[in-house]
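Dear colleague,

Please find the sequence and the structure below, followed by my notes on what was found.

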Amino acid sequence: MSIARLIEGRDVNIVGCTVSMKVRDAIALLAEKRIGAIPVLDGHAIAGIFSERDVISRLNEHGPALFDMLVGQVMTSPAITVDPETSALEALGLMTRRRIRHLPVLREGRMVDFISIGDLVKYRIDRIQGEADALRDYIQMA
């Protein structure tokens with residue numbers, strides 16, 4: 001299954017920030033929305049990802065001065081992205097290899113969605129459950 005199929009019909013409401021947002025405001029956004037990462041935009045282009053992991057590692061580097069820095073100074077960049085035609089398994093493998101939990105989905109350079117490892121794991125679990133149910137039905141009918 002492709003990412004396009006996985007995200008079709010989803011209500012896309014991407015929470016993001018800009019490179020010029022203060023880190024303290026981006027942290028507040030993560031906390032308010034109870035999310036682990038947000039895409040960072042520079043105009044319409046994806047500039048990077050700002051995550052809980054960025055907060056922890058940059059806090060270790062900069063101390064309390066981090067809170068007054070700009071997201072563009074501390075985000076993870078460049079962002080690792082996928083296009084809608086990428087398979088869900090390929091995206092899951094990419095996330096595993098690169099040790100990341102979020103991927104912007106880009107179509108012709110524009111972000112159309114933001115998927116998490118949780119989205120992909122749910123897809124895998126649903127698929128495995130469907131296959132198990134089909135096997136149970138097959139065995140019961142035999």
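Leaving aside its neighbours within four places in sequence, which residues is S116 in contact with? They are M95, R101 and H102, where contact means heavy atoms within 4.5 Å.

Before going further, please note that this is a predicted model, in which local features need pLDDT of at least 70 and side-chain atom pairs count only at pLDDT 80 or more, while totals for chains, interfaces and linings use all residues. Residues are numbered from 1 along each chain as its sequence is written, and side-chain values use heavy atoms, with hydrogens and water left out.

To return to S116, this residue is found in strand β5 (residues 110-116) and is buried, with a relative accessible area of 19%; buried means under 20% relative accessible area, exposed over 50%, and partly exposed in between, with a 1.4 Å probe and protein chains only. S116 and H102 are 14 residues apart in sequence, yet 4.4 Å apart in space from C-alpha to C-alpha.

As for the chain as a whole, its secondary structure comes to six helices and five strands, where helices (H or I, at least four residues) and strands (E, at least two) are DSSP runs, numbered from the N terminus. From the N terminus on, the order of these elements is α-β-α-β-β-α-α-α-β-β-α. The C-alpha atoms fill a box of roughly 70 × 30 × 25 Å, taken along the principal axes, and buried residues make up 36% of the 142 residues. Among contacts between residues at least 6 apart in sequence, 54% join residues at least 24 apart.

Helix α2 (residues 23-33) has V23, A26, L29 and L30 as its buried residues. Seen down the axis of α2, these fall within an arc of 115°, so they line one face of the helix; the arc is that of the directions from the helix axis to the C-beta atoms.

Helix α5 (residues 88-98) and helix α6 (residues 117-141) pack at an angle of about 130°, with their axes 10 Å apart. That makes α5 oblique to α6, given that angles under 35 degrees count as roughly parallel, over 145 as roughly antiparallel, 65 to 115 as roughly perpendicular and the rest as oblique; axes are lines fitted to C-alpha atoms, for helices over the stretch in contact, and angles run from 0 to 180 degrees between N-to-C directions. The contact is made by A88, L89, A91, L92 and M95 of α5 together with I117, L120, V121, Y123 and R124 of α6.

Finally, some backbone details may deserve a look in the viewer. Most residues other than glycine have a negative phi, and most peptide bonds are trans. R99, in the loop between α5 and β4 (102-107), has a positive phi near 55°, and this residue counts as exposed at 64% relative accessibility. E108, in the loop between β4 and β5, likewise has a positive phi near 55° and counts as exposed, at 79% relative accessibility. A cis peptide bond, with omega about 0°, joins S77 and P78, and P78 is found in the loop between α4 and α5.
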